[in-house]
Amino acid sequence: MASDKKIRVGIVGLGFGAEFIPIYQKHPHAEMAAICRRSAKTLNDCGEKWGIKSRYTDFQKLLQDPNIDAVHINSPIPDHAAQSIAALKAGKHVACTVPMGTTIEECRQIVEAQRQSGKVYMMMETVVYSREYLFVKELYDKGELGRIQFLRGSHQQDMDGWPDYWPGLPPMHYATHCVSPCLALLGKLAESVVCHGSGRIREDLIKQYGSPFAIETATFKIAATDVVAEVTRSLFDTARQYRESFDAYGSKKSFEWQQVENEEPVIHTKGLPEPEIPERVKVPDYARLLPESIRPFTGTIQDAEHLSFLQGAGHGGSHPHLVHAWLSAIRGERPALPDAPTSANWTMVGICAHESAMKGGERVTIPRF
């Protein structure tokens, strides 16, 4: 049940994570209580900038702090699962940036830890809170798209020069941004996947993970529907402007994401004369769904040095929606979206897709927990 007591949040990881600090500070139901980063200098610089007194270089000490109710994890991908499990076991609510984990076993352990703790776990998937997704969902819920016939997602990005664990990462191991809108729109889970790898990346990249493919393309069956979705993912040695996108094809109308930045998406309407079928549309902002104090964050660039803002004012204006959704779930006002089992499914589509690609396109069943 909701109460007036503010949820005391600790943020882990202050690169991308720092972008959320002012949102928590302005949210009516949150207290920005603590920050955590390994580097003491950047930790203290951030704490001074935002006026946060509780600072930790040790994640375990943050978890021992009784004044922290919930942790928002923005650490490197290899740390997501271990930190999420530790936080749940410490009795903290957890929000974690994508993906949930890197293996099926990690996903299973997080789902189990969430159930045993009774705390809220939410993977902070930006795309299903972006203005584009919210626009398509609204069209679908109103019946304007008609019956969904096919869904497609694409996430292409040049990760050359990114640090540490990124070089050679299998494309589908970071696929939730294109998988999630396809599944969230229908409110269903993926049941099986077929994936093919294409092309070849440089030999020095291949050796990191043993994954040779420049592009991986997967088709997955959506449970309890007759719909199949397709997703395409690339990270290295493929020429393409950054793009996180999805298309929804319906019996009455279809939505297609813009090809390049600064264009508008297209709605295709069935039954019109051929030249009139496509129409460029302006996607509205959905700040009205949020508490007034955090509405500016859907479009205001807080710090133009941060990559996510250069890629669209904070991932399609999603950041304040993510914060509000998680806090609302902790307050018992609505279920987490995605909750732990759903986060696992969205993540495992990519894990199982890469397994399929390495097996030459064999169909792989996605586990259910």
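This is a predicted model: local features need pLDDT of at least 70, side-chain atom pairs count only at pLDDT 80 or more; totals for chains, interfaces and linings use all residues.
The chain contains 12 helices and 15 strands. Its radius of gyration is 20 Å, close to the 21 Å that the globule rule gives for 369 residues, so the chain is as compact as a globular protein of that length. Taken along the principal axes, the box filled by the C-alpha atoms has dimensions of roughly 60 × 45 × 40 Å. Of the 369 residues, 56% count as buried, and the accessible surface comes to about 15700 Å², with 50% of this area belonging to carbon and sulfur atoms. When contacts between residues at least 6 apart in sequence are considered, 67% of them join residues at least 24 apart.

Nine of the strands form an open sheet with mixed pairing, in the order β14-β13-β12-β11-β7-β10-β9-β8-β15. Strands of a sheet pair through backbone hydrogen bonds, in either a parallel or an antiparallel sense, and examples of both senses are described here. Strand β7 (residues 148-156) pairs with strand β10 (residues 228-234) in the parallel sense over six bridges, and in this pairing Leu 151 of the chain is placed opposite Ala 229 in β10. The antiparallel sense is found between strand β12 (residues 253-256) and strand β13 (residues 266-269), which are joined by four bridges, with Ser 254 having His 268 in β13 as its bridge partner. Strand β13 also runs antiparallel to β14, to which it is joined by three bridges, and Ile 267 stands opposite Glu 279 in β14.

A further parallel pairing is found between β1 and strand β2 (residues 30-36), which are joined by six bridges, and the bridge partner of Val 9 in β2 is Met 32. Strand β1 (residues 7-12) is mostly covered, six of its six residues being buried. In a regular strand the side chains alternate between the two faces of the sheet. In β1, Ile 7, Val 9 and Ile 11 point one way, whereas Arg 8, Gly 10 and Val 12 point the other way, and all of these residues are buried.

Apart from its neighbours within four places in sequence, His 354 is in contact with Pro 170, Met 172, His 173, Ser 211 and Glu 216. Ala 86 lies in helix α4 (residues 80-89) and, when residues up to four places away in sequence are not counted, touches Phe 59, Gln 60 and Leu 63. The C-alpha atom of Ala 86 is separated by 13 Å from that of Asp 58, although these residues are 28 residues apart along the chain.

Most residues other than glycine have a negative phi, and most peptide bonds are trans. A cis peptide bond joins Val 98 and Pro 99, with omega at about -10°, and Pro 99 lies in the loop between β5 (93-96) and α5 (104-117). The peptide bond from Leu 337 to Pro 338 is likewise cis, with omega near 0°, and Pro 338 is located in the loop between α11 (319-330) and α12.

Positive phi values occur at Asp 164, where phi is near 60°, and at Ala 224, where phi is also near 60°; neither residue is a glycine. Asp 164 is placed in the loop between β7 and α7 (176-186), and its relative accessible area of 65% lies over the 50% limit, so it counts as exposed. Ala 224 is found in the loop between β9 (215-222) and β10, and with a relative accessibility of 71% this residue likewise counts as exposed.

Definitions and conventions. Residues are numbered from 1 along each chain as its sequence is written. Side-chain values use heavy atoms; hydrogens and water are left out. Helices (H or I, at least four residues) and strands (E, at least two) are DSSP runs, numbered from the N terminus. The radius of gyration is taken over C-alpha atoms; the globule rule is 2.2 Å times the number of residues to the power 0.38. Buried means under 20% relative accessible area, exposed over 50%, partly exposed in between (1.4 Å probe, protein chains only). Contact means heavy atoms within 4.5 Å. Accessible areas come from the Shrake-Rupley method with a 1.4 Å probe; for residues, only the protein chains shown count as cover. Two strands pair if DSSP finds at least two bridges between them.
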